[in-house]
Amino acid sequence: MARTLAIDYGHKRVGLAVTDPLGLIATPLDTIHSKDLVAFVLAYHQREPLKAIVVGMPRTLLNEPTDSTSAVVGLLRRLRRELPAVPVHEMDERFTSRLAKQAMLAGGLGRKARQDKATVDKVSATIILQSFLESPLSQ
């Protein structure tokens, strides 16, 4: 069965999360450099066929674009062009970093681990993916 991949895009780092083969559980996958993202996704899709891709859309609290929004829009276009058979969805990513830090604290991770931005990015991608799985879009 195909998996769903979630992307928490940043100018330097990108957090990735993926579902289990049944598409039920979101788990952190990796953190990579943003310049390697499309190549990583294409290679991953060759190894593990993707059912869908979910990209966190950065917005301000007032629902306005951020400095990262245009880069994410470009990423969406490129993913849709490179993988036309794979649906690419957008999910609101407001508060995901804060939720990730709270989840890491609740999970018992130490202070040093919670300050690791790569870990926060992976957990943020997992939260984006879990939100997608709970939404009508995933049906």
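A residue is called buried when its relative accessible area is under 20%, exposed when it is over 50%, and partly exposed in between, as judged with a 1.4 Å probe on protein chains only. The model is predicted, so local features need a pLDDT of at least 70 and side-chain atom pairs count only at pLDDT 80 or more, whereas totals for chains, interfaces and linings use all residues. Residues are numbered from 1 along each chain as its sequence is written, and side-chain values use heavy atoms, with hydrogens and water left out.

The overall plan comes first. The protein chain has 5 helices and 5 strands; these are DSSP runs numbered from the N terminus, with helices (H or I) of at least four residues and strands (E) of at least two. Along the sequence they follow the pattern β-β-β-α-β-α-β-α-α-α. Of the 139 residues in the protein chain, 45% are buried. The accessible surface of the chain comes to about 7800 Å², and carbon and sulfur atoms hold 55% of this surface; such areas come from the Shrake-Rupley method with a 1.4 Å probe, and for residues only the protein chains shown count as cover. A contact means heavy atoms within 4.5 Å. Among the contacts in the chain with a separation of 6 or more, 60% are between residues 24 or more positions apart.

Which residues of helix H1 are buried? In this helix, residues 37-47, they are Leu 37, Val 38, Phe 40, Val 41, Tyr 44 and His 45. They lie on the same side of H1 because they cover an arc of only 160 degrees around the axis, the arc being that of the directions from the helix axis to the C-beta atoms. An α-helix has 3.6 residues a turn, so residues three or four places apart point the same way. On the other side of H1, Ala 39, Gln 46 and Arg 47 are exposed. The cover over the buried residues of H1 includes strands E1 (3-9), E2 (13-19), E3 (26-33) and E4 (50-57), together with helix H2 (69-82).

In soluble globular proteins, nonpolar side chains tend to be buried together. A nonpolar core is a set of buried Ala, Val, Leu, Ile, Met, Phe, Trp, Tyr and Cys residues joined through side-chain atoms within 4.5 Å. The largest core here has 23 residues, and those with the most contacts inside it are Ile 7, Leu 37, Val 41, Ile 53 and Val 55. Elements E1, E2, H1, E4 and H2 each give two or more residues to this core, and the largest share, 5 residues, comes from H1. Apart from this core lies another, of 10 residues, among them Ala 6, Met 91, Leu 129 and Phe 132.

Charged side chains give a further set of links. The structure holds 4 salt bridges, each a side-chain nitrogen of Lys or Arg within 4 Å of a carboxyl oxygen of Asp or Glu. In one of them, Asp 121 is paired with Arg 13, with the closest N and O atoms 2.8 Å apart. This pair links distant parts of the chain, 108 residues apart: Asp 121 is in helix H5 (residues 117-133) and Arg 13 is in strand E2. Asp 121 is buried at 11% relative accessibility, whereas Arg 13 is partly exposed at 30%. Both partners also touch Thr 31, whose contacts beyond four places in sequence are Arg 13, Val 14, Gly 15, Ala 118, Asp 121 and Lys 122. Thr 31 belongs to strand E3 and is buried, with a relative accessible area of 17%.

Another salt bridge joins Arg 78 to Glu 82, with the closest N and O atoms 3.8 Å apart. These residues are 4 places apart in helix H2, so about one helical turn separates Arg 78 and Glu 82.
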